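The entries below follow the order in which I looked things up.

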Amino acid sequence: MYSIRSLPSMVYREQPEEDGVEDMTQLEELSEGSVLLNLKKRFEREIIYTYIGSILVSVNPYRMFNMYGTDMVLKHKGTALGENPPHLFAIANVSYTKMMDAKQNQVIIISGESGSGKTEATKLLLRYLAAIHHKHNITQQILEAAPLLESFGNAKTVRNDNSSRFGKYVEIYLEEGVISGAITSQYLMEKSRIVFQARDERNYHIFYEMLSGLPPQQRQAFYLQEAETYYYLNQGGDCGIAGKSDREDFLRLLAAMEILHFTPDDQASIFRVLSSILHLGNVYFQRYEADGQEVASVVSAQEIRVVAELLQISPEGLQKAITHKVTETMREKIYTPLTVESAVDARDAVAKILYSLLFHWLTERINGQVYPRHHALSISVLDIYGFEDLSFNSFEQLCINYANEYLQFFFNRIVFRQEQEEYNREQIPWQDIPFSDNQSCIDLISSKPHGILKILDDQSCFPQATDHTFLQKCHYHHGNNKIYLKPKMPLPEFTIKHFAGPVTYQVHKFLDKNYDQVGQQVLHLFSHSKNKMVANLFLVHAEVVGQHRGHVRKSSTVTRRHQPPTVSTKFTLSLLELVDKMERCNPSFIRCIKPNRQKEPGVFETELVGSQLRYSGILETIRIRREGYPVRLAFNIFLFRYQSLVGTASSNLCVSGISPWYQSLVGTASSNLYKSLVGVKQTPAPDGENCVIMLSKLVPLRPGAYQLFLKEDVYQFLESKRERVRQVAALTLQRYTRMFFVRKRYKEFRTKIIRLQAYCRGFLTRKRYLKMRKSLVKFRSLIHMYVTRKRYIKMKLEARRKAEEERRRREEELTKREVVNVTHLVIPAELGSLLQAASGGRELHSECLALVQAPHIQEQNQLTLPLDINDYPFSRYAQLYFREPMFGMLTVPLERTLTYTDEDLRQEALELFIMILRFMGDPHLNGAQENLFGNYIIQRGLANQGLRDEILAQLANQVWRNPNHDNAERGWLLLLGCVCCFLPSSRLHTHLLKFVSDHAPAGCRALLQHRLIQANQKSRLLSGSAPETARTYPLSLLEWTANRKRANMVLQVSCFDGESFLCPVQSWTSGEDLAGDILRHRGVCEAWRGFSILMKEHGQWAELAGHDYVMDLISDLELPSDFPKQKSYFIISAEDPNRVRTNASL
């Protein structure tokens, strides 16, 4: 039991007759007509709230009144129920006061039909609790969680433009009366709405808000279009809602996400998942026959690629997951093609689990932000979906109506059954009031072993079960039940007589919706997504599914398949848990009424309101509140609480606002009893007789066996009277006490100050100077010491910080290229010795390079991409010529070559891949070592024509979607070096050109295209005279430098007549090409073929044949003597025949 100590006194208020009766327990005539007339009268006066004792009835006005501002919060804060007109804030204030006074958790249960205003009432209650006592940050986050969950969990239905499609139970925790946190629990989200909407309905608000509010850049990045183009959004017809701006709501959603600390990456991941769901709905299938069976194939492959790109998964894996069924055996997995209908179900199942996991993650993320740090008292608000009877009622409507049945049962038990049982237990004369008990309906739906949900669970465990077998089981077990009706025609449906009326349910897909699971291959596919958020969502879900599967597998048999808990099982358990939570709290009830079906303001349909009053038990509630005694107090609490009122009963009990009936009873108090109780200093014995004596002096009563039973207006009168007596006593005591202490303190202070002034003025003045001088000297020395020491410590810490930063910078510089550690991979000893020799870090002949202006000589080549290049994607080459159609970056050495190579070259190809891994990921390579390492790999390709396509394929594989920018940059640099030295085969050339055109970095793309096209042209010119297009030597220092800088190359050319100029040169420029450019520049436009160039170096002449490449001449000179290069065929002449050509500087 508890006592209320903080409700202030009631004051009398005039109630105009035209406003009706505020508390319907005060109606003179209690009937359905009088209740309807009272509600209609108040509704027409724009008064939407009415009391039934402490129960609030709210009629939805379908518009917002100006009655929820700060002034109304202050008006209801700390007031008694009934002191102000009925209001939502009054119920919230009473719950807050009871929680603080009785130290007991409270719950406010909001119930009513869909569209009766439950969601808005919940938001207003939270706003009131946040306004009275709050901490700004945590309260703001709690309030902003409401629009966020509303966008993701509410949708337009035929009955409500903002219908909650999930149950919400918000627990507001308060430490010492101040909000310290909140926990939101969500129940049974309507997942079928994601993939299907009836006419004039919409999907969840978030899809339309995202399409209206996302900036163009993000819309383009997510490949989004208008809402009407998506199958998951256009089934209901009009995609808009009158009076709702999706764009403004999206901006509010983004603001809420900012307040709840959702990072930009989190927001982008959320919108990425939502976009993928929309694109997934546009994946269509067509029928074709394979092996005599009709199977499904994907028509819209582009949508598959878009979804796979957004979710960062394999498009082939996604397509296989929605078109094939996987059966796992002991040794293998069997893939069975699905029909078109089954493929559509598989596609929808993927969309539903994506959205449900995202919504669950959002709820947990919000709870994590506002979770209370310490255990505290709480005020909970229950906003759950209302009773529904649609044109097509499925599994979701059965669960929703079952929840409403249970809440109605909870209401009946609190208001009727427990109330009347306690009257009988306390021996109070009472005539039971009949009420509609819906226990039989709850048993029909959920009782063991043959409740409808139990039958559904059993059928879900059998592979051969269907919706038809489930319906037959229901007919068999409940055909004779009065509240269960079988259809007159053989239709797949059944009817249940609920407390709110009969509802017919169509059993189509009942088993699928109850099972609600996706295949293991889908979990595996999404768990390995490169998108961190998607992978985490499915990893957590897969872990939960795996735990259930492990428990069930131990007891599964051959005929029953092991399954995780079904939707009905989880919903029933969560509903029982919810009711258990509410039973541990002190409940307050708010009954929401829907005034009309058209959702029009100012329209009151008497028949509709009357039906809601009947099935919700409003009339019985009014009767039991009117005739019953809802307030009860133990004898000792009553005597202790109200003994101070006896002394004032005879003199000033007649308070305005109290009925003459009470006042006449007060005046009949016995003088003997008055004398015996006035001035008592101790509480009388806690028994019923003393309580009767005291209370008979004040108001009428009903004493029970162990406690007193009071009517609600009597209780409010007692509280008002007690508060006034206490207030007067407190004011009097404060007045005299303050006067005594102030006068005493003044006299003492006056005496002391006079004495102190006489003796201390002179002493303090002399002492102040000496002390100030001494303190100043000491203070200055301390300051100097402190400043010097602080400067020294700061310098020391700064030096240490700089050293630490330098060390970290060096470590980061070394490791920024690494995707994985590759320094342990083995390379040839020959290459190791070359790298060791080049460890000095300075490139040979680097002093010969300089940055110059553009040359005067221009090349004549005009290079263009092939017109059919888009017909050669690299994925086709991988499917045709790769051993396995797997394409993507690898972090471990290959076990088999990527392409089909000769048997004797396969080991060398695998070694080359190891060298490529080392080249791209080794952080210890300096510039000279990097050039030498790359030349060694290129030389392998020059030496073996059969390895060239393998090398290029390995490099393309490693740069494809490489997450490490520096690692990928080395890969592209090596790929550029390779195409500068040898040409891919004809079957690879166009695919590689398409690959670099689509995926190469911006600065490198043009160079790669130019080298590939130039080499291809060179191969066509030499096709009759050369078996292959390849250079003799790898890249020179000039080429490596130009490739890194994304620059062009020029050479200083001198003619025999003394003229010297800069001439452009490319990797595939031959001696004849360079000579032709020079001759045309000098005016020789014809007969220039057959000329070549020579290079002079320290008295030696190196002559280049016309078909040889200019850069080979330089590379031959630069390569170290122990480099495994080919033999030189250049014609060398020297002024001194005894001098041998060495690799010296130019």
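**Entry 1: conventions.** I worked from a predicted model, in which local features need pLDDT of at least 70 and side-chain atom pairs count only at pLDDT 80 or more, while totals for chains, interfaces and linings use all residues. Residues are numbered from 1 along each chain as its sequence is written, and side-chain values use heavy atoms, with hydrogens and water left out. Helices (H or I, at least four residues) and strands (E, at least two) are DSSP runs, numbered from the N terminus. I took two strands as paired if DSSP finds at least two bridges between them.

**Entry 2: the seven-stranded sheet.** I traced an open sheet of seven strands with mixed pairing, in the order E1-E2-E16-E3-E12-E6-E7. Its edge strands, each pairing on one side only, are E1 (49–52) and E7 (178–187). With direction ignored, neighbouring strands of this sheet are turned by 20° against each other on average. Axes are lines fitted to C-alpha atoms, for helices over the stretch in contact, and angles run from 0 to 180 degrees between N-to-C directions.

Strands E6 (residues 167–175) and E12 (residues 377–383) run antiparallel and are joined by seven bridges. Leucine 174 has leucine 377 in E12 as its bridge partner.

**Entry 3: a helix across the sheet.** I found helix H4 (residues 118–132) lying across E3 (106–111), E6, E7, E12 and E16 (586–593). H4 runs at about 160° to E12. Contact means heavy atoms within 4.5 Å.

**Entry 4: H10 and H13.** How do the axes of H10 and H13 cross? The axes of H10 (residues 264–281) and H13 (residues 340–370) come within 9 Å and cross at roughly 160°. The two helices are therefore roughly antiparallel to each other (angles under 35 degrees count as roughly parallel, over 145 as roughly antiparallel, 65 to 115 as roughly perpendicular and the rest as oblique).

I listed the residues that meet: those of H10 include Ile270, Val273 and Leu274, and those of H13 include Leu354, Tyr355 and Trp361. By class, this contact has 12 nonpolar, two polar and three charged residues (Ala, Val, Leu, Ile, Met, Phe, Trp, Tyr, Cys and Pro count as nonpolar, Asp, Glu, Lys and Arg as charged, and the others, Gly among them, as polar).

**Entry 5: the three-stranded sheet.** I noted an open sheet of three strands, E22-E23-E24, with antiparallel pairing. E22 (1094–1097) and E24 (1131–1134) are the edge strands. E23 (residues 1100–1103) pairs with E24 over four bridges, and alanine 1102 stands opposite isoleucine 1132 in E24.
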